[in-house]
Amino acid sequence: MSSSKRGSWGNSFTFILAAVGSAVGLGNAWRFPGLASKYGGGTFLLIYFVLMLIMGVPLLMMEISIGRKTRSGVIPALGSLNKKFQWIGWAATTNAFVIVTYYAVVFAWVILMAALSFKFASMTGNSEAASSLWATSIQTTGTTSGFLSISTLSLLALLVAWALIYYCIRNGASSVGKVVKYTVFIPIICLVVMAIKGITMPGGVDGLIKLFKPDLSILKTPNIWIDACGQVFYSLSIMMAIMFAYGSYLPEETNIARDGLIIAFSDLAISVLSGIVMFTTMGGVGMMDKISDSGVATAFIIYPQAIVHLTNNGVVNAIFAFVFYLCLCTLAIDSAFSIVEGVSASISDKYRIDAKKTTILICSISGIISILFTTQAGLACLDIVDYYANSINLVFIGICETVAIGWFFKPKKMLNEINRNSTKFKMNSTWFIVSIKFVAPVILISFFIWNIYSLIANSNGIYGAGDGYSLTCNVILGWSMSLLVAFSGLIAFIIEKAKKVDKKYIPTNWDDIK
């Protein structure tokens, strides 16, 4: 698609804000602190930083550069490298579509908690009431039964969530650029306010020390490396079609090497800031041992208990609760609409159809599907789908993308694109190429094998067996969905052949793009 027909970021700063907004999501606010607590605070931070440098930064720059060079979403963008690579783009697009169907529901739950934050005013010191507020509101059973029972509050919040998502991306890069000026800075302000409050609480400094003090004995634990790798991978929004789309809106003069570093380290900084908030607050109320690596449990069950013990003034606690959930809302919405934008750009560029109509269609279909997660079985379904979409599918896509580009294309060409407008800082050739060809594929393949082995060896292929999840639900929501993602390109090819639309799009060769 030519740049003259395509939306674009107003300037490099707007792109950075949009990319940071996409990268910084709920995983930064709750999963990062949870993993830091699980793996000795400073030790996890150190490993996360190292993996961010050796793997995250090169992959991020790679996707942005392909997007800018091809001016296309992920399917045609990868097709420009080699027509056979389009199926990888289809897998990334399909998996991103799956992710947004349940991510929107989590966003809806955050909206719901923000709306209900006034209830904390009457819960001072009442941990039981605070921890049950969310569960009572969504009326969840935590089992994979009850598909016909829908939570009215969750459904209403979901409608609000999808309305906000569509509003933010209704005009593509133009409307996104206007929104991110607010949604990126609001959570930072909220986090700074909460961090100051946490540090000034009795026990807050102890929490801060625990966050940054390393426990080097944990370095020998294999899971810390796997989880840190996964956090880097998911946090930067790579392998999800997003950065291809965002890169495709970039002006030619953009300095990708510089901007990629800014995005990555902004993501890291906000993750650390979120960790400071969580550790100091939980330390301040004597609940340091309650931090969980389950984001849902931390945000909706555990943290509310901390909120009602912040002060003896219920109104102050309620205000703090609203600030916290407003922060989560702004973190969630950027990530949610960026996923939709990645899917929309991929499909509209592939078939040369109107981007706005594509966005409406995607929001409508995924919105209908997401109702599944507002049923009484919704939380369990979400847990299953999230595991397979992230721990299985996303890693598989990462393997395919890095192997295809590292071994069946010339990474040097992408490096030239990354450094095209760089003067002071240039992406190092060894750093980039070794990462794409060797480091990233080895890490991701190891991660993938470990996940599959653990799932089969420990629970006979049933994720959540200990929580009562059935084999049937794992097959329908997990394994079948993963197969659909992996073979979505083949399915699309068959449909194109049957409908005789296979010639509507012919990938432009990378070397033919000026």
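# Reading a predicted model, one label at a time

Colleague: Why does tryptophan 431 count as partly exposed?

Modeller: Its relative accessibility is 25%. Buried would need a value under 20%, and exposed one over 50%. Tryptophan 431 falls in between, so it is called partly exposed. Please keep in mind that this is a predicted model.

Colleague: Where does tryptophan 431 lie, and which residues is it in contact with?

Modeller: Tryptophan 431 belongs to helix H19. Setting aside neighbours within four places in sequence, it is in contact with Leu53, Ile54, Val57, Pro58, Leu261 and Phe425. Isoleucine 165 is elsewhere: the C-alpha atoms of tryptophan 431 and isoleucine 165 are separated by 37 Å, and the two residues are 266 residues apart along the chain.

Colleague: Thanks! Let's turn to helices. What makes H1 and H8 roughly perpendicular?

Modeller: Helix H1 (residues 12-23) and helix H8 (residues 173-183) pack at an angle of about 70 degrees, and their axes are 9 Å apart. The range for roughly perpendicular is 65 to 115 degrees. The angle is in that range, and H1 and H8 are therefore described as roughly perpendicular to each other.

Colleague: Which residues meet there?

Modeller: From H1 come Thr14, Leu17 and Ala18, and from H8 come Val176, Gly177, Val180 and Lys181. Sorted by class, this contact has 4 nonpolar, 2 polar and 1 charged residues.

Colleague: How do H2 and H15 pack, and which residues meet?

Modeller: H2 and helix H15 (residues 314-351) pack at about 115 degrees, with axes 7 Å apart. Leu26, Ala29 and Trp30 in H2 meet Leu328, Leu331 and Ala332 in H15. By class, that contact has 6 nonpolar, no polar and no charged residues.

Colleague: On to the rings. How many aromatic pairs does a search of the whole structure find?

Modeller: The search finds 24 aromatic pairs. One of them joins phenylalanine 32 and phenylalanine 44.

Colleague: Why is the pair of phenylalanine 32 and phenylalanine 44 called edge-to-face?

Modeller: Two values settle that. The ring centres are 5.6 Å apart and the planes are at 65 degrees. Rings pair if their centres lie within 6.5 Å, and planes over 60 degrees apart count as edge-to-face. Phenylalanine 32 is in helix H2 (residues 26-38) and phenylalanine 44 in helix H3 (residues 42-70), 12 residues apart, and the pair links distant parts of the chain. Both phenylalanine 32 and phenylalanine 44 are buried.

Colleague: And what makes tryptophan 109 and phenylalanine 300 an edge-to-face pair?

Modeller: Their centres are 6.2 Å apart, with 90 degrees between the planes. The limits are within 6.5 Å for pairing and over 60 degrees for edge-to-face, so this label follows too. Here tryptophan 109 in helix H5 (residues 86-115) is linked with phenylalanine 300 in helix H14 (residues 295-307), 191 residues apart.

Colleague: How do you know whether tryptophan 109 and phenylalanine 300 are buried or exposed?

Modeller: Tryptophan 109 has a relative accessibility of 1%, and phenylalanine 300 has a relative accessible area of 0%. Buried means under 20%, so both residues are buried.

Colleague: What makes you say that a charge sits over a ring at tyrosine 167?

Modeller: Arginine 170 lies over the face of tyrosine 167, at 4.1 Å from the ring centre. The distance limit is within 6 Å. Lysine 437 lies over the face of tryptophan 407, at 4.2 Å from the ring centre.

Colleague: Why does isoleucine 291 count as buried although it lies in a loop?

Modeller: The label rests on accessibility. Isoleucine 291 has 11% relative accessibility, and the limit for buried is under 20%, so it counts as buried. Its loop runs between helix H13 (256-284) and H14. Not counting residues up to four places away in sequence, isoleucine 291 touches Pro33, Gly34, Ser37, Met278, Phe279 and Met282. Isoleucine 291 and glycine 34 are 257 residues apart in sequence and 5.8 Å apart in space, C-alpha to C-alpha.

Colleague: Last one: what is the phi of asparagine 460, and why does this residue count as exposed?

Modeller: Its phi is near 55 degrees, a positive value in a residue other than glycine. Most residues other than glycine have a negative phi. Asparagine 460 has 66% relative accessibility, and exposed means over 50%, so it counts as exposed. It lies in the loop between helix H19 (429-459) and helix H20 (471-486).

Notes: Residues are numbered from 1 along each chain as its sequence is written. This is a predicted model: local features need pLDDT of at least 70, side-chain atom pairs count only at pLDDT 80 or more; totals for chains, interfaces and linings use all residues. Side-chain values use heavy atoms; hydrogens and water are left out. Axes are lines fitted to C-alpha atoms, for helices over the stretch in contact, and angles run from 0 to 180 degrees between N-to-C directions. Helices (H or I, at least four residues) and strands (E, at least two) are DSSP runs, numbered from the N terminus. Angles under 35 degrees count as roughly parallel, over 145 as roughly antiparallel, 65 to 115 as roughly perpendicular and the rest as oblique. Contact means heavy atoms within 4.5 Å. Ala, Val, Leu, Ile, Met, Phe, Trp, Tyr, Cys and Pro count as nonpolar, Asp, Glu, Lys and Arg as charged, and the others, Gly among them, as polar. Rings of Phe, Tyr and Trp (its six-membered ring) pair if their centres lie within 6.5 Å; planes under 30 degrees apart count as stacked, over 60 as edge-to-face and the rest as tilted. Buried means under 20% relative accessible area, exposed over 50%, partly exposed in between (1.4 Å probe, protein chains only). A charge sits over a ring if NZ of Lys or CZ of Arg is within 6 Å of the ring centre and within 35 degrees of the ring normal.
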